[in-house]
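This report considers selected backbone features of the structure shown below, together with one of its sheets.

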Amino acid sequence: MKGRILIHDLDEGMLGNTVRLYGFIDSIRKLGALIFCYLRDDTGKIQVFFDRTSAGDEQYALAESLKAEHIVSLSGILKNRPGEQALGTDKGAFEIEAKELKVLAAGQTPPFEISKTEEINEALRGKFRYLEIRNPAIKNKIKFHALVGRYIREYFYSKDYLEIETPYLIKSTPEGARDFIVPSRNFKGQFYALAQSPQLLKQLLMASGFEKYFQIARCFRDEDLRADRQPEFSQLDMERAFVEEDEIFSEIEGMFSYLAEKTGVAIETPFPRMTYASALEKYASDKPDLRNPLFIEDYTGIFADLDMDMIRNELKTGSRVRGIKVPHAVSRSQAKKFEEKIKAHGGKGLIYASRSLGETSFTFSKYAPQGFIEKFNLSDDESIFFQISGRDASMLNYLRTLLSEEFALNADGLKFLWVTDFPLFEINAEGVIGSSHHPFTAPADPSDIFGNSKPLTAIVSKAYDIVLNGTELGSGSIRINDVKVQRRIFEHLGISEKEQKERFGFFLQAMEYGFPPHGGAALGIARIAAMLEGSPSIKDYIAFPKTTSASCLMTDSPSPVDKSQLDELGLDIKG
């Protein structure tokens, strides 16, 4: 049999025939007069053996010189493998009796064992990322990322969406994160920005008369990184004209149903929906993990009756006492451990009540009036943990996670959620008002932004997030299509008319010619892939990711450039 065969394609019909394979030597060992190795290609592994009698002295000697990660071609007879099949191989029932071996590349010994890259420190793995990717466990994640992108394309093509590329080099119009700035050689002193997203461009496509757009867009954001963030990433970007939220939700849910079918995971549609206000009230998070059955309840009214100045003074400032009920009785020592974890995480102390065998323990029992503890409605083997908090109740969400992990309460599977009705505006720690999503998000009631009947932070928008197992996969909104509303939003954000013209003049001018009602969403591809496979980090799904400091250890970038390049651009480095 001539030509190359992939390991994955070997089958019983080829038994007894000569096959030619190419790949990497995965491992090698000598056993008596036989030399065994595993050959690995992009599709799997198979055992190969060299017998001096059948292979000949020259080929046998060459086999003796083999080392792990040598790149070879070999041909031999495909046979049934006798005895116990090797675990972890795609073709464990087969083996190859080698007849001809060629070493195509005998490189240096890798700085770590390819099959055990997870045990190596991140700096070394990052420097030799191209070697780490040889590990099938890592390579398969990158393949899965590629498949997710492929299936998303298939789905949107089937729905008659048009894939349109938008520019990466655009005008700097900061949307929240910092832009990556690109100097122009032909226009010295002027700059492009790498697109943070195609937001304005896809809206202009709707103004151009396209009604269904999507692309797998490359986006660039110069922001601090986390496990689920990278400075450059790919996202599904979709937009539709003449649409409302329900239709966007249905389209995205259909996409996930298609992904589930293609990748063999189980999901339930339609996804539940919850308003932003309800999510904060019930879970103290705008991206709650619905696998966790615990939720938050308000006990402020009960604690107002407790004769304790410490609590009364907190309640006078507007704080509330909120608690989480757990279907387990806890001891004082267990409660203390939870309190220590909360304090280590930056929170305050915990109050708790627990009932076991008809007896109830309470942190402040000696201050509790007759009948006070009974108001908690605790059954046997139940506990409640309370926290006093103001507007920021994020520590309750952390506590909810701690309790669920401690008592193994999380359900299995993929739990999706739409979080809707986000505030249109938010105020940061410095007291500066900004957009909760972005400044092109439509208010639920446009009249709210022209009057003074509501505080800005109470105005509701038509923005929504899609959440999976406590992780935000992406967000979207119905967009503004009235130039008066858009200008008013800019005014509330403190963007002067002069600045509006400088930053968004092209966009506002387009709005003057009329925009159809439109909306859409954007979801990170690597994040979707990682979450579908239950991985906490997106980095392994990206071929060449950056570190948390946004550097590339493999290429040693960012790095200085020649002064001649700076001179050509009319730039100088200060400091």
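Leu 357 is placed in the loop between strand 15 (351-356) and strand 16 (359-362). In this predicted model, the phi angle of Leu 357 is near 55°, a positive value in a residue other than glycine. The residue Leu 357 is exposed, with a relative accessible area of 78%.

Ala 550 also has a positive phi, of about 70°, although it is not a glycine. Ala 550 belongs to the loop between helix 15 and helix 16. With a relative accessible area of 28%, Ala 550 is partly exposed, because values between 20% and 50% fall into that class.

## Cis peptide bonds

The loop between helix 15 (525-532) and helix 16 (563-569) also contains Pro 558. Ser 557 and Pro 558 are joined by a cis peptide bond, with omega about 5°.

Another cis peptide bond links Thr 269 to Pro 270, where omega is about 0°. Pro 270 is located in the loop that lies between helix 7 (245-263) and strand 12 (273-275).

Three strands form an open sheet in the order 7-9-8, and their pairing is antiparallel. Strand 7 (169-170) and strand 8 (180-183) each have a single partner strand and stand at the edges, so one side of each lacks a neighbour in the sheet.

Two bridges connect strand 7 with strand 9 (residues 191-194) in the antiparallel sense. Ile 170 has Ala 193 of strand 9 as its bridge partner. Strands of a sheet pair through backbone hydrogen bonds, in either a parallel or an antiparallel manner.

Note on methods
Residues are numbered from 1 along each chain as its sequence is written. This is a predicted model: local features need pLDDT of at least 70, side-chain atom pairs count only at pLDDT 80 or more; totals for chains, interfaces and linings use all residues. Side-chain values use heavy atoms; hydrogens and water are left out. Two strands pair if DSSP finds at least two bridges between them. Helices (H or I, at least four residues) and strands (E, at least two) are DSSP runs, numbered from the N terminus. Buried means under 20% relative accessible area, exposed over 50%, partly exposed in between (1.4 Å probe, protein chains only).
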